[in-house]
Amino acid sequence: MKTTNLLIPTQKEAPNDAQIISHQLMIRSGLISKLASGLYSYLPMGVRVLQKVENIIRQEMNNSGAQEVLMPVAQPAELWQESGRWDQYGPELLRFNDRHNREFCLGPTHEEVITNLASQYLRSYKQLPMNFYQIQTKFRDEIRPRFGVMRSREFIMKDAYSFHLNQDSLQQTYDIMHKTYCNIFDRLGLEYRSVLADSGSIGGDRSHEFHVLADSGEDAICFSDESDYAANIEKVAFSKQDNNCQAKSTEEQVLTKKKTSIEDVAEFLNVDKSQCVKTLIIKIGDNFKALALRGDHDLNEIKVNNLFGDFEFASDDEIKSLELKKGFIGIKGLGIDLVVDYSASVMCDFVCGANEWDHHLTGANWQDIEFTEADIRNAVEGDKSPDGKGRLVIKRGIEVGHIFQLGTKYSEAMKANVIGESGKAVTTTMGCYGIGVTRVIAASIEQNYDDRGIIFPEAIAPFQIVIVPINYNKSTRVKGLADDLYQQFLDSGIEVLLDDRKERAGIMFADSELLGIPHRMVISDTHADNGNVEYKARNNAEKIDVKFDDALAFIQSKLI
């Protein structure tokens, strides 16, 4: 392909609303163009990248034995009402009425549609297991679309759904899909981790997320420095600890006027935050509970939700009605149930609120305090790995894939049954497996860039090599050599871009680097005199002179 035949609207500056690197570089390199908030058009170079990602996904999914289908984006409300999610899903579900006043939505996901298909066409246990996938547009009406295609309203997703006679069969397919996802992300050239995760609104009993490691990631993921253990920070589970506490201090009430935060109290009393206990008040229905954690730990709201169901933090007025002093709440005389995190329950001689304005307790201990213990905190760097091997490392991750064991949540509600060996109806057990196709591109850029632009992994770069002929439109020798090399590459099946524009060399170099094309060859009159071309890899500053007659073989060796 020649650049004069392509729309490549590169820009020197990123738009003001582009906050993260991938958004900036996708706009600047001309991969995408913003249409409206959370809506983007993919331009020719972006489509090439998108298709490469899709092709790798499709190849690996086909290799896994999954069957490709394509389901509508518009979905009738009846299916969502049948599954019970029409009212549960929330405002992200874009609802509309057609001309006959029938209710529809734009699909944010396709559990209902595929389960409806299964209920129609899967009749016998002999047909199972079956795994169907599609690469399709989704729409979620995000309240604040941001970060370009990372969190847009319309996006492309690969979603797959499997149907099984029993849990053992589901586990086998789940393991196959886990391996398939690893194959996909390996081929995409991404540094990633598979982590245990919470199933969220999709539901189900077990799930893994796949995260691309990047500083801009919205999720914190934890993994052991000595084993394969990895989990989303929300899923890291801790066990009850042996209590070897031997109190040595005498409890004392001290004046800590206006010191209401753990940071301020610890600094004022010259102690570490880990030697403080903080108490939070939550409301579950009409009941209240107090939650106590170590001062340097954060509450894990998902764990609390799993323990007690839906909850909210008590308001200032509700705390006041309990005769508690916000900012000085302690562990004594609360009048409500107290739940203490495992790591806090083994502390000795700690600092906590005194339940009196402007006062805290030092030398506090748990003797004579009634409480229950539970795992209610987030992990922190350096915690012992839950598998007993090594310590936890915490990095930011961008979620690009998620696999679930759904169980019978949808199949039971929507009557996706088959006739079992006994001749009786059996509810199918389901799995669900998603990859954010457009998000993969942004995540790859977040992981692979420098101050000149994108550094695409070779598997998804829009072209494998760019030829930059200097004075192509003025020098017949340069033009002849460039055209000859271009044709050699084309005949050999190499994806090559020839920059035949009437531009300065600096602009052509800058554009090729901005676009992240892995390999570059430069031809000038000087090179023609010497019988050489100049080679440079996008991820290496070194420039190499290669004999013109050896250029094809040289590049082929780089592409192996």
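These notes go through a predicted model, from its overall make-up to single residues.

1. Overall make-up. The protein has 560 residues, and 51% of them count as buried. Its secondary structure comes to 15 helices and 31 strands. The C-alpha trace spans about 95 × 70 × 50 Å along its principal axes. Among contacts with a sequence separation of 6 or more, 69% are between residues 24 or more positions apart.

2. Packing of α2 against α5. Helix α2 covers residues 44-63 and helix α5 covers residues 167-187; their axes are 9 Å apart and meet at an angle of about 150°. Angles over 145 degrees count as roughly antiparallel, so α2 is roughly antiparallel to α5. The crossing of α2 with α5 is right-handed.

3. Residues in that contact. From α2 come Ile 56, Ile 57, Gln 59, Glu 60 and Met 61, and from α5 come Met 177, Thr 180, Asn 183, Ile 184 and Arg 187. By type, the residues of this contact divide into five nonpolar, three polar and two charged.

4. A cis peptide bond. Most residues other than glycine have a negative phi, and most peptide bonds are trans. The bond between Leu 128 and Pro 129 is cis, with omega at about 0°. Pro 129 sits in the loop that runs between α4 (111-121) and β7 (130-139). This bond is worth a look in the viewer.

5. Positive phi at Lys 258. Lys 258 is not a glycine, yet its phi is positive, at about 65°. The residue belongs to the loop between β13 (252-255) and α6 (262-269). Lys 258 is exposed, with a relative accessible area of 68%.

6. Positive phi at Asn 270. Asn 270, also a residue other than glycine, has a positive phi near 60°. Its loop lies between α6 and β14 (277-284). Is Asn 270 buried or exposed? With a relative accessible area of 68%, Asn 270 is exposed.

7. Cysteines. How many disulfides does the count come to? The count comes to zero disulfides. For Cys 182, the nearest cysteine sulfur is that of Cys 432, 17 Å away. A disulfide needs the two sulfur atoms within 2.5 Å, so a cysteine with its nearest partner sulfur at 17 Å is in none. Cys 182 counts as buried, at 15% relative accessibility. Cys 222 is in no disulfide either: the nearest cysteine sulfur, that of Cys 182, is 19 Å away. Cys 222 is buried as well, with a relative accessible area of 0%.

8. Glu 513. This charged residue lies in helix α13, which covers residues 505-515. Glu 513 counts as buried because its relative accessibility is 11%, and the limit for buried is under 20%. Which residues does Glu 513 touch, leaving out those up to four places away in sequence? They are Arg 452, Gly 453, Ile 454, Arg 520, Lys 536 and Arg 538. Among these neighbours, Arg 452, Arg 520, Lys 536 and Arg 538 are of types that count as charged, while Ile 454 is of a type that counts as nonpolar.

Definitions and conventions
Residues numbered from 1 in each chain as written. Predicted model: local features only at pLDDT ≥ 70, side-chain atom pairs only at ≥ 80, totals over all residues. Heavy atoms only, no water. Axes fitted to C-alpha atoms, helices over the stretch in contact; angles between N-to-C directions. Helix = DSSP H or I, 4+ residues; strand = E, 2+ residues; numbered from the N terminus. Parallel < 35°, antiparallel > 145°, perpendicular 65-115°, else oblique. Left-handed = near helix turned anticlockwise from the far one by under 90°. Contact = heavy atoms within 4.5 Å. Buried < 20%, exposed > 50% of the residue type's maximum accessible area, 1.4 Å probe, protein only.
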